[in-house]
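The sequence and structure come before the details.

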Amino acid sequence: MGQRPPIIINRLDAERLQRLIDTASEKDMMVAALLEEELARGEVLDPQDIPEDVVSMNSQIRFTDLTRERQMIRTLVYPHALASVEDGISVMAPIGAALIGLRVGDVIEWPLPNNTEVRLRIDAIFWQPEREKQFHR
């Protein structure tokens with residue numbers, strides 16, 4: 001796996017994500033372990049200090065899967081919100097876990113469960129809770 005760009009994580013997101021990791025089911029253990037690595041290496045900031053170009057939970061983003069040359073628009077959500085968000089992608093899905101904390105322009109190589117890797121690039125953030133002063137979302 002290639003070098004991962006530095007990431008920034010909202011303190012409240014980090015706490016909620018740690019709870020998800022701690023209660024992960026057997027089928028989610030690979031993603032939970034990767035997510036825990038990301039939390040450990042990330043810079044954790046208070047919600048009001050998150051830059052506007054950082055992917056935080058509940059952000060709607062456009063990203064490109066450079067491996068498959070496919071662009072997508074998704075909202076990064078917690079698993080429980082998946083059913084209520086039309087374009088949602090769970091942070092506990094392999095691709096969703098890769099997105100947290102990245103900045104616009106960042107590229108990350110991320111392992112997938114089928115022993116392959118994907119390269120993702122963050123193209124734009126259309127909506128971010130912190131930018132809208134929704135610090136507890």
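Against which elements do the buried residues of H1 pack?

## Basis

This is a predicted model, in which local features need pLDDT of at least 70, side-chain atom pairs count only at pLDDT 80 or more, and totals for chains, interfaces and linings use all residues. Residues are numbered from 1 along each chain as its sequence is written, and side-chain values use heavy atoms, with hydrogens and water left out.

## Helix H1

The buried residues of H1 pack against strand S1 (8-10), helix H2 (29-41) and strand S2 (43-45), where contact means heavy atoms within 4.5 Å. Helices (H or I, at least four residues) and strands (E, at least two) are DSSP runs, numbered from the N terminus. Leu 12, Asp 13, Ala 14, Leu 17 and Ile 21 are the buried residues of H1; buried means under 20% relative accessible area, exposed over 50%, and partly exposed in between (1.4 Å probe, protein chains only).

## UniProt region

An unreviewed UniProt entry gives residues 5-44 as "domain: Regulator of nucleoside diphosphate kinase N-terminal"; positions follow the numbering used here, feature names are shortened, and annotations may be inferred rather than shown by experiment. Over residues 5-44 the chain is 62% helix and 12% strand, with the end C-alpha atoms 15 Å apart.

## Positive phi angles

Asn 58, in the loop between S2 and strand S3 (60-65), is not a glycine but has a positive phi of about 75°. Asn 58 is buried, at 12% relative accessible area.

Glu 69 lies in the loop between S3 and strand S4 (70-77). Its phi is positive, about 50°, although Glu 69 is not a glycine. Glu 69 is exposed, with a relative accessible area of 74%.
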